[in-house]
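Work through the exercises below with the sequence and the model side by side, trying each task before reading its solution.

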Amino acid sequence: MSGLWLTLFFLLGTIVGSFLNVIADRLPAGKSIISPPSHCSACQHRLPAKDMVPIFSYLFLRGQCRYCSTPIPMRSLLVELGTGILFTFLYWHYGLGWELAITVFYCCLFVALLITDLEHTVLPNKIVYPGIGVALIVATLGSIFGFEPKSITDSGFELWIVDAAIGGGFGFGFLLIVALISRGGMGWGDVKLAGLIGLVAGFPLVFIAMFLAIVSGGLVAAVLLLFKLKSRKDAIPFGPFLCLAAMATLFWGSKLLSWLSFS
Ligand SMILES: [Zn+2]
């Protein structure tokens, strides 16, 4: 675990974070994430490389467009910084290897979904479906070639794809029931996201992920209502809680599960 690698992962994370900002800006608006090249959304001025350096450009420009002085959302900076820290943590937690690569990919999807749901209350299929595809492919390859993440080796099923399929089915089915009962409180996007999380976390960790999402979502909703920051009529998006719970489950779920089952 060298400082050089930790620094490299931080820098890589800030660059990926600035790309996640672009995805979160463009996908909910139905725009392409590749073209046109990065530009100011207010004055349309194309951004040269010096205006796209993660973290530094925002600080140097004091959070404003260089050309029209329109404020750049603080979220840009937070996502770049947050993704940098996340990548550093992931490298520290997993070390180099295929588990790191796959977890980095899933975390990027969850961060992008977290932003689009918070800001636009949408969970774009263009993010969720590739996640489902990759999760199915990886679990299938793992089942054929005999590799499995440490977190789901002790579930009793021989094949990873079985763990993944049961997890995905449970996540999808569970939130589908919640969505039908709550009649509009939970969207179709949340149901599909829960299916993705179940595939990724597998059985039995899908239970931990759903439990964490519901408890954290419930607590935050209660606090918002208590302090009158939201009224009963306001919809509080559930996707961000699902995304955070999914990441926490990937990192610490198996520890939490063994702790729960021994106490
Ligand atoms: Zn501008």
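**Exercise 1: an aromatic cluster**

Being three residues apart in helix α3, F89 and W92 are separated by about one helical turn; helices here are DSSP runs of H or I with at least four residues, strands are runs of E with at least two, and both are numbered from the N terminus. This is a predicted model, in which local features need pLDDT of at least 70 and side-chain atom pairs count only at pLDDT 80 or more, while totals for chains, interfaces and linings use all residues. Residues are numbered from 1 along each chain as its sequence is written, and side-chain values use heavy atoms, with hydrogens and water left out.

Task: classify the ring pair F89 and W92 and the ring pair F251 and W252 by the angles of their planes.

Solution. Begin with the rule: rings of Phe, Tyr and Trp (its six-membered ring) pair if their centres lie within 6.5 Å, and planes under 30 degrees apart count as stacked, over 60 as edge-to-face and the rest as tilted. By this rule the count comes to 16 aromatic pairs. For F89 and W92 the ring centres lie 5.9 Å apart and the planes stand at 40°, so this pair is tilted. For F251 and W252 the centres are 5.4 Å apart and the planes are at 85°, so that pair is edge-to-face. Ring pairs link these four residues, F89, W92, F251 and W252, into a cluster.

The next step is to ask how accessible the members are, where buried means under 20% relative accessible area, exposed over 50%, and partly exposed in between (1.4 Å probe, protein chains only). W92 counts as exposed at 53%, F251 as buried at 11%, and W252 as partly exposed at 43%.

**Exercise 2: salt bridges**

Task: find the salt bridges of the structure, and state which parts of the chain the bridge between R75 and D25 ties together.

Solution. A salt bridge is a side-chain nitrogen of Lys or Arg within 4 Å of a carboxyl oxygen of Asp or Glu, and the structure holds three of them. In one, the closest N and O atoms of R75 and D25 are 2.7 Å apart. R75 lies in helix α3 (residues 74-94) and D25 in helix α1 (residues 3-26), so this bridge ties together parts that are 50 residues apart in sequence. R75 is buried at 13% relative accessibility, whereas D25 is partly exposed at 41%.

R75 also forms a salt bridge with E119, again with closest N and O atoms 2.7 Å apart. Since E119 belongs to helix α4 (residues 98-120) and R75 to helix α3, the pair ties together parts that are 44 residues apart in sequence. Salt bridges that share partners therefore join D25, R75 and E119 into one network.

Another bridge joins the side chains of R66 and D51, at 2.6 Å from N to O. R66 sits in the loop between α2 (56-60) and α3, and D51 in the loop between α1 and α2, so parts that are 15 residues apart in sequence are tied together. Here R66 is partly exposed at 33% relative accessibility, while D51 is buried at 10%.

**Exercise 3: the zinc site**

Task: which atoms coordinate the zinc ion, and what geometry does its site have?

Solution. Donors are N, O and S atoms within 2.8 Å of the metal (3.2 Å for Na, K and Ca); water is not among the atoms, so sites may look incomplete. The zinc ion is coordinated by the SG atoms of C40, C43, C65 and C68, at 2.2 to 2.3 Å, and these donor residues follow the spacing C-x2-C-x21-C-x2-C in sequence.

Four donors count as tetrahedral if all angles lie between 85 and 135 degrees. The angles among the four donor atoms are 106 to 115°, and the site is tetrahedral.

**Exercise 4: helix α6**

Task: compare the reach of helix α6 with its expected span.

Solution. The expected span of a helix is 1.5 Å times one less than its number of residues. Helix α6 (residues 160-182) has 23 residues and reaches 33 Å from its first C-alpha to its last, close to the 33 Å expected. Just after α6, R183 takes a positive phi of about 45°.

Terms used:
Four donors count as tetrahedral if all angles lie between 85 and 135 degrees; four count as square planar and six as octahedral if opposite donors are over 155 degrees apart and all others between 65 and 115; anything else is irregular.
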